[in-house]
Amino acid sequence: MKGVQGWLCACLLLLPLAALALPMTQAEVRELLSAEPAQRAHFEQEKQVEGLAQPLKASGELLLVRGQGLWWHQQQPFELALSLTAQRMRQQVGQGPAQIIDSPQLLEFSTMLLALFGSDEQALARYFALDFSSDEQGWRLGLTPLAAPLDKVFSRLMLKGGHRLDWLLITDRQGDETRIRFSDWQEVTLPLDAEEQAHFAP
């Protein structure tokens with residue numbers, strides 16, 4: 001046991017001082033999350049559904065470009081691409097035809113997701129009551145839906161992170177919970193290449 005304690009102490013001493021940061025303010029988190037105009041990340045998603053012994057799992061990558069939209073590319077267990085802009089939502093399963101979704105309620109949902117991933121606090125406040133907290137371990141932003149249609153679907157959402165967005169936790173009205181872990185955030189050089197720009201084409 002003493003040997004393990006000594007090893008842990010040695011590891012802690014090697015941590016950079018930045019890792020022992022003070023709690024962040026909500027303004028600092030907002031500035032941190034909106035600093036890069038374009039970035040990509042990997043995601044791993046688990047949904048615990050009542051009645052199922054094992055959670056449903058999915059993984060893939062996302063591309064977030066401020067002012068253009070969000071491209072969500074699920075790669076496992078099957079390929080699904082979802083492109084969100086302020087004007088429309090487009091979905092494609094595998095190599096099948098792309099489907100344009102123009103339902104007003106789903107477009108409202110699309111706008112909410114863009115505000116969520118774009119750290120647009122003013123837009124988020126239209127949809128949710130916000131509850132922010134922070135300590136030495138990281139920050140948390142709870143979101144409770146204010147009105148339909150979101151309050152009919154979600155009970156609560158929680159964003160968690162440190163120097164990046166690390167987790168999105170979603171609890172729906174049925175009591176099922178979805179946990180999405182984000183990793184490997186990388187800045188994307190602008191302008192986008194032709195393939196990346198096509199994700200946001202009208």
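In helix α3, the residues S110, M112, L113, L114, A115, L116 and F117 are buried. The model described here is predicted. Its chain contains 6 helices and 11 strands, and 36% of its 202 residues count as buried.

**Helix α3**
- Helix α3 is made up of 14 residues, and the distance from its first C-alpha to its last is 20 Å.
- That span is close to the 20 Å expected at 1.5 Å a residue.
- Directly after α3 comes S119, which has a positive phi of about 55°.

**Nonpolar cores**
- The largest nonpolar core holds 36 residues.
- Within this core, the residues with the most contacts are L62, L116, F117, L168 and F182.
- Helix α3, covering residues 104-117, is the element that gives the most to this core, with 6 residues.
- When neighbours within four places in sequence are set aside, L116 is in contact with L124, L143, L157, L159 and L168.

**Aromatic residues and a charge over a ring**
- The count of aromatic pairs comes to 6.
- One of them joins F43 and W72 in a stacked arrangement, with 4.0 Å centre to centre and 25° between the planes.
- This pair links distant parts of the chain, since F43 lies in strand β1 (residues 38-48) and W72 in strand β3 (residues 69-76), 29 residues apart.
- F43 and W72 are both buried.
- Another aromatic pair, F182 with W185, is tilted, at 6.0 Å centre to centre and with 40° between the planes.
- F182 and W185 are buried as well.
- A single aromatic cluster takes in F43, W72, F117, F182 and W185.
- Two members of that cluster, F117 and F182, are also listed among the residues with the most contacts inside the largest nonpolar core.
- R179 lies over the face of W167, 4.9 Å from the ring centre.

- F78 is found in the loop between β3 and β4, the latter covering residues 80-84.
- F78 counts as partly exposed because its relative accessibility is 45%, which falls between the limits of 20% for buried and 50% for exposed.
- F78 and G94 are separated by 16 residues in sequence, and their C-alpha atoms are 7.2 Å apart in space.
- Of the contacts in the chain between residues at least 6 apart in sequence, 40% join residues at least 24 apart.

**Confidence**
- The average pLDDT of the chain is 85, and 89% of the residues score at least 70.
- Strand β2 (residues 56-65) has the highest mean pLDDT among the elements, at 96.
- Helix α1 (residues 2-14) has the lowest mean pLDDT, at 37.
- Over residues 1-20 the pLDDT stays under 50, and for this stretch the model has 1 contact beyond four places in sequence.

Definitions and conventions. Residues numbered from 1 in each chain as written. Predicted model: local features only at pLDDT ≥ 70, side-chain atom pairs only at ≥ 80, totals over all residues. Heavy atoms only, no water. Core = buried A, V, L, I, M, F, W, Y, C linked by side-chain atoms within 4.5 Å. Buried < 20%, exposed > 50% of the residue type's maximum accessible area, 1.4 Å probe, protein only. Helix = DSSP H or I, 4+ residues; strand = E, 2+ residues; numbered from the N terminus. Contact = heavy atoms within 4.5 Å. pLDDT = per-residue confidence, 0-100. Expected span 1.5 Å × (residues − 1). Phe/Tyr/Trp six-rings, centres within 6.5 Å; stacked < 30°, edge-to-face > 60°. Lys NZ or Arg CZ within 6 Å of the ring centre and 35° of its normal.
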